[in-house]
Amino acid sequence: MTRDELKAQIDELMRQYADEEIDGETYFRKMMELTATAKNENKEE
């Protein structure tokens, strides 16, 4: 995942939360999953 792809996914999560499409718990869980995935991918490179 490139930095731009990660930023786009984070921006989409923030938009969903701001538009109340997801709640705070879901936002937090998805953000943690996304950042963990990005960190793991960076370690493999």
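The buried residues of helix 2 are Thr26, Met31, Leu34 and Ala38, where buried means under 20% relative accessible area, exposed over 50% and partly exposed in between (1.4 Å probe, protein chains only). Seen down the axis of helix 2, these residues fall within an arc of 125 degrees, so they line one face of the helix; the arc is that of the directions from the helix axis to the C-beta atoms. The model is predicted: local features need pLDDT of at least 70, side-chain atom pairs count only at pLDDT 80 or more, and totals for chains, interfaces and linings use all residues. Residues are numbered from 1 along each chain as its sequence is written, and side-chain values use heavy atoms, with hydrogens and water left out.

**Helix 2**
- The buried residues of helix 2 pack against helix 1 (3-18), contact meaning heavy atoms within 4.5 Å.
- The face turned away from the buried side of helix 2 carries the exposed residues Glu25, Phe28, Lys39, Lys43 and Glu44.
- The 21 residues of helix 2 (residues 24-44) should span 30 Å at 1.5 Å a residue, and its end C-alpha atoms are 30 Å apart, which agrees; the expected span is 1.5 Å times one less than the number of residues.

**Thr26**
- Thr26 lies in helix 2 and is buried, with a relative accessible area of 19%.
- The side chains of Thr26 and Asp23 are joined by a polar contact of 2.6 Å.
- A polar contact is a pair of N or O atoms within 3.5 Å; within protein, one must be able to donate a hydrogen and the other to accept it, and residues adjacent in sequence count only if both atoms are side-chain atoms.

**Whole chain**
- The chain has 2 helices and 0 strands, taken as DSSP runs (helices H or I, at least four residues; strands E, at least two) numbered from the N terminus.
- Of the 45 residues of the chain, 16% count as buried.
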